[in-house]
Amino acid sequence: MADACAAAGRPVRSVTLLAVSKYFGPDAVRSLHAAGQRAFGENYVQEGLAKIEALADLRPALEWHLIGPLQSNKTRPVAEAFDWVHTLDRAKVARRLAEQRPPALAPLQVCLQVNIDGGPTKSGLAPAEVGAVALEVAVLPRERLVLRGLMAIPDPCDDPAVQRRSFAALRVLRDDLQARLHAALGAAAPVLDTLSMGMSADLEAAIAEGATLVRVGTALFGARQPSVAPMPRDSG
Ligand SMILES: *Cc1c(COP(=O)(O)O)cnc(C)c1O
């Protein structure tokens, strides 16, 4: 990350490292926290909730991000336990999260997930849908839920030039969206300061294109082994 920031002429502190701890147990999170890591990402709601519970003694030193799909019937525990949701793709889910966010907690921080490469089976909003959904999310009560930016998972690809094209497209979409929200809402427009993009294999390209948060699992924890630590599947 430091090398990629230097190459891009960006301060190292302009990019947050999100440690993706899916499939790894609480002890792995504990050791990384002891080494100074604060933000952790989970893909599956049930697995994440179990880990948050098991590590309750470290709160509030830990920050928990949901980076996997969120169904509308699972919003309550997410609103009650997570700090961030990166995978919002429907205004209805955002409204439920805002309603269910306990007033005693800081507002839930959210990103809209964008299907930036347009793959037909991939999750996330089509780029053309982002503006309308963002406007609906941006007017929800700010003390419950705050729109922070965009997230994408481009198609895996070894070619850094192709990787950069997808990440650049997300950055341009964010810039356009920011302008559109300003035009519609004026000073009440949320500040879209977050571009959640880049993983172990492509974080250099993402940082070159303006990522403010990279989601890194394998490069921190090693290869995931689902056969040894089965993935707790979300039922229903
Ligand atoms: C698993 C996952 C990551 C981490 O991937 P690595 O290649 O292990 O770094 C990042 N983002 C999302 C959405 C993931 O599901």
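Me: What volume does the largest pocket have?
Reply: Heads-up: this is a predicted model, where local features need pLDDT of at least 70, side-chain atom pairs count only at pLDDT 80 or more, and totals for chains, interfaces and linings use all residues. Residues are numbered from 1 along each chain as its sequence is written, and side-chain values use heavy atoms, with hydrogens and water left out. A pocket here is an open set of points on a 1 Å grid over the protein atoms alone, where a 1.4 Å probe fits, with protein on both sides within 12 Å along at least five of seven lines. Taking the space filled by probe spheres set on the points, which are joined across faces, edges and corners, the largest pocket comes to about 300 Å³.

Me: How far is the polar side-chain atom of Asn43 from an oxygen atom of the ligand?
Reply: A polar contact is a pair of N or O atoms within 3.5 Å. Gly217 puts a polar backbone atom 2.8 Å from a ligand oxygen, and Lys22 has a polar side-chain atom 2.7 Å from one. For Asn43, the side-chain distance is 2.7 Å.

Technical notes. A polar contact is a pair of N or O atoms within 3.5 Å; within protein, one must be able to donate a hydrogen and the other to accept it, and residues adjacent in sequence count only if both atoms are side-chain atoms. On a 1 Å grid over the protein atoms alone, a cavity is a set of points where a 1.4 Å probe fits but cannot get out, and a pocket is an open set with protein on both sides within 12 Å along at least five of seven lines; lining residues have an atom within 4 Å of a point.
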